[in-house]
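Dear colleague,

I am handing over the structure we talked about, with the sequence alongside. Please have it open while you read the notes that follow.

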Amino acid sequence: MATTDTPITLPEAPKVGMVSLGCPKALVDSERILTRLRADGYAMSADYAGADVVLVNTCGFLDSAKEESLAAIGEAMAENGRVIVTGCMGNEAEAIRARFPQVLAVTGAHQYEAVVEAVHEAAPPSMGPYIDLIPQAEPGDVKLTPRHYSYLKISEGCNHACAFCIIPSLRGKLASRRIDAVLREAEKLVAAGTRELLVISQDTSAYGVDVRHETRTWKGREVRTHMTDLARELGQLKTPDGHTPWVRLHYVYPYPHVDAVIPLMAEGLVTPYLDIPFQHASPNVLRAMKRPANEAKVLERIRAWREICPDLAIRSSFVVGFPGETEADFQYLLDWLDEAQLDRVGAFRFEPVAGAAANDLLDPVPEAVKEERYARIMEKTEAISAAKLAAKVGRTIRVIIDEVGEPDEDGDVGATGRSQADAPEIDGAVYLRNVPESLKPGDFVDVEIEEADAHDLFGVIAS
Ligand code: SF4
């Protein structure tokens, strides 16, 4: 475990090179694979030499295209040697292996999960709470998202300079993806079985700032590269069986323009859930942290949002023991939490990260004080969570199923799901008893809540 004397050194992100051949559909596939890999913490390499592994997305439509694909694989083998083949020609794995027995893996067209898994095996991602957007159950425990929910990464990098963070130096300035490409990817994901989209970036509310919110055409409409337009368009998607998929916004800062997405939540187009990494509430600490959207009116804004959308769930994370945090600052945070009544809270004890500006700050908080504050914030937020969940007992709420169990000795089947207030991996669960065996992950069901504890809900499918 690191202490304040030993800054955590982050591993470098593994680099993936990509050679994309073939038609526009193959290009979209390449883009989707790369988006997924970026979300998993990989960096891209523009040349063979810098890549830990090279992906060759092949085309096998015509013999000439096959030859071109084989030549591309040959070049990647010669230049790098660690090669994964995917795409249309991946369906002819034997022909590829006959010519290049050393290729690491061969997967067919549209087998995104298999490609990503092969990359994970060939060059394991460097995971950690300081750099990963996708939450993990345990450090190093890399889990591919199940088909019924998918992460949708909308931008890379960040324009802020928070004192404890090295993302801008690792990943660079904000670079937003084209909104039409993001929407196309979302549409494909939903058509392929995704029932819940998790929008991620370093700062979702800043989406498009770098491209001055440029306008693109999508389905004959003009859409801005902007969080509001993105949320509105994602809210219009439909699953093949006619459901509105859940759209969950992560890493949102409480800028005034966020107000515009709350009515979309009230209308049921966007999941009434905001993941806002407040990190602290005391103005002194926020100033020292150099946090964005650090303004006094946040509580008023939260109150106004809840008036428009009473079911809005807010999740956040907080750092305790930041250098210079006094007892008064910490008490301010606890009082603020009493007012804000956040639904889900994660807390962390401050630890220096190699290269972060916060390491040079004076007044480190002693470890014992950090521990004590951590215990106090956990106690406070658990009590708030328990009261909020207890208020749901007796209500019927919509749940998405994540897992269906095996029948027990009495033949009863249980299932685990999540409400709209629960993002996968980081929030709570809804445990269901006596579900039909035909229930599947990704199904939406209405659940009558019978019990609650500090984190989870328990219930039965409403009749
Ligand atoms: S907003 Fe701050 S904490 Fe988040 S990525 Fe940017 S610099 Fe890091």
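The mean pLDDT of the protein (pLDDT being the predictor's confidence in each residue, from 0 to 100) is 87, and 89% of the residues reach 70 or more. This is a predicted model, in which local features need pLDDT of at least 70 and side-chain atom pairs count only at pLDDT 80 or more, while totals for chains, interfaces and linings use all residues. Residues are numbered from 1 along each chain as its sequence is written.

Where pLDDT is low, the predicted coordinates should not be read in detail.

Overall, the protein has 12 helices and 20 strands. Of its 463 residues, 41% are buried, a residue being buried if 20 or more other C-beta atoms, placed from the backbone, lie within 10 Å of its own. Of the contacts with a separation of 6 or more, 71% are between residues 24 or more positions apart.

Helix H7 (residues 227-234) is mostly covered, with 6 of its 8 residues buried, namely Met227, Asp229, Leu230, Ala231, Glu233 and Leu234. These buried residues pack against several elements, among them helix H6 (179-191), strand E9 (196-200) and helix H8 (262-266).

The axes of helix H11 (residues 327-340) and helix H12 (residues 367-390), which are lines fitted to C-alpha atoms over the stretch in contact, with angles running from 0 to 180 degrees between N-to-C directions, come within 10 Å and cross at roughly 10°. H11 and H12 are therefore roughly parallel to each other, the term covering angles under 35 degrees. Phe330, Leu334 and Leu337 of H11 make the contact with Arg373, Arg376, Ile377, Lys380, Thr381 and Ile384 of H12.

Finally, the ligand is surrounded by Cys158, His160, Ala161, Cys162, Cys165, Ile167, Pro168, Gln202, Asp203 and Pro292, where a residue counts as near if its C-beta atom, placed from the backbone, lies within 6 Å.

With best wishes

Conventions
Helices (H or I, at least four residues) and strands (E, at least two) are DSSP runs, numbered from the N terminus. Angles under 35 degrees count as roughly parallel, over 145 as roughly antiparallel, 65 to 115 as roughly perpendicular and the rest as oblique. Two residues are in contact if their C-beta atoms, placed from the backbone, lie within 7 Å. A residue is buried if 20 or more other C-beta atoms lie within 10 Å of its own, exposed if 12 or fewer, and partly exposed in between; C-beta atoms are placed from the backbone.
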